[in-house]
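Thanks for coming, everyone. Let me put it up.

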Amino acid sequence: MQELFRDSDLYDIVEKVVKGERLSREDGIRLYQSNDLLTIGYMADLVRKRKNGNRAYFIVNRHINHTNICKVRCKFCAFGRDKDDPKAYLLPLEVIEAKAREVVDMGVTEVHIVGGCHPDLRLEYAEEMLRRVHRILPGVHLQAFTAVEIDHFAEQEGITVEEVLRRLQAAGLGSLPGGGAEIFSPRVREKVCEKKISGERWLEVHATAHKIGMRSNATMLYGHIETIEERVDHMLRLREVQDQTGGFMTFIPLAFHPKHTQMENVITTRTTGFDDLKTLAIGRLLLDNFDHIKAFWIMIGPKVAQVSLAFGVDDLDGTVVEERITHDAGADTSQSMTRAEIVKLIRDAGFVPVERDTLYNVVREG
Ligand code: V47
């Protein structure tokens, strides 16, 4: 089969992938420079099939964004607000409970909770929120708070990240979502999120979670001012930490949406389908020690997400129910998909749909 690619400029990389060899930084950059999407896709599909066979995962979940008040105010984010902004909100715990109750009969196995770095919200509110959601949905996995929020709680309480994580774990936290990673490059962070924790700190928070037995996800925000070298370096830093801890479950590239952000006059267009597929496939190829690559359909649309199943992706995330971060930045996808819709996307692409829980245990197959 690989002989079909003998004339491709990427043939030496095809050979490496077929042999199961780890790809280098140079290989990653060459993949990004190439427009030979089908060869890249062939390789990513080969790795995907080795790791996950014909299975494509999804989850029945709901997202809750408890507050948009945020002192970090990243330029790429249309969701975060100052406290005195008329659109600023902090959901009372009773409203969060009501959102949990809404999905009691939906069969959700995960609640995903992220918000902003609220300047005077205490760790106790977060603990109480987890306890209350857990009380309403006892068997459901709580994936909550990005590394940025965890670091914020540590700073506010004057305690270590490990202490914050242990307290939240005791209150019901199951795992950390992958948000807040953006692009690790200090050059980019200086320009788009100068008040955010560094990439190194983000990685340290995740490594600490892994040390105490908590799994986590990793993201990369692409399609703004980052270079392809910076994307590759971001993925390789994740690969290095994963070699040390093994705690990451999945890699999720997040496509930048510029509308209503402070960058909308600089970046006027969304990522293209070509770039989305290439980025997902290159993620699959470089991150050889990650079990899963997730396409967050909310950001790239269900159709590209479906096609990405043939480009290295093995997970389409979930039913979501309600999503603010991407929709505040102009997303035109729906905020929710039914289980049946996700199953159809997967079946029509020739894969076996597997409903998973957060930790990729099988809930229902076929
Ligand atoms: O941290 C913010 C990104 C993230 C924009 O772990 C933007 O399974 C695009 O991390 N355009 C939050 N992206 C979402 C997130 C996530 C989503 C789904 C699944 C998981 C998981 C994690 O969204 C933020 C930031 O990186 N973001 N603004 C924007 N304008």
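**Helix packing, a buried helix and the ligand shell**

Start with helix H4, residues 93-102, and H5: their axes come within 9 Å and cross at roughly 30°. Angles under 35 degrees count as roughly parallel, so H4 runs roughly parallel to H5. The crossing of the two, H4 and H5, is right-handed. Who makes the contact? On H4, Leu93, Ile96, Glu97, Ala100 and Arg101. On H5, Glu128, Met129, Arg132, Val133 and Ile136. By class, this contact of H4 with H5 has 6 nonpolar and 4 charged residues, and no polar ones. Keep in mind that this is a predicted model.

Next, helix H6, residues 147-157. Which of the residues in H6 are buried? Ala147, Val148, Glu149, Ile150, Asp151, His152 and Phe153. The cover over the buried residues of H6 includes helix H5 (123-136), helix H7 (161-171), strand S5 (173-176) and helix H9 (199-211). After H6 comes Gly158, with a positive phi near 65°.

Last, the ligand. There are 23 residues around the ligand, and Pro177, Gly178, Gly179, Asn217 and Ala329 come nearest. Which one gives the largest share? S6, with 3 residues. And the make-up of the shell around the ligand? It has 12 nonpolar, 9 polar and 2 charged residues.

Key
Residues are numbered from 1 along each chain as its sequence is written. This is a predicted model: local features need pLDDT of at least 70, side-chain atom pairs count only at pLDDT 80 or more; totals for chains, interfaces and linings use all residues. A residue is near a molecule or strand if its C-beta atom, placed from the backbone, lies within 6 Å of it. Helices (H or I, at least four residues) and strands (E, at least two) are DSSP runs, numbered from the N terminus. Ala, Val, Leu, Ile, Met, Phe, Trp, Tyr, Cys and Pro count as nonpolar, Asp, Glu, Lys and Arg as charged, and the others, Gly among them, as polar. A residue is buried if 20 or more other C-beta atoms lie within 10 Å of its own, exposed if 12 or fewer, and partly exposed in between; C-beta atoms are placed from the backbone. Two residues are in contact if their C-beta atoms, placed from the backbone, lie within 7 Å. Axes are lines fitted to C-alpha atoms, for helices over the stretch in contact, and angles run from 0 to 180 degrees between N-to-C directions. Angles under 35 degrees count as roughly parallel, over 145 as roughly antiparallel, 65 to 115 as roughly perpendicular and the rest as oblique. A crossing is left-handed if the near helix is turned anticlockwise from the far one by less than a right angle, and right-handed if clockwise.
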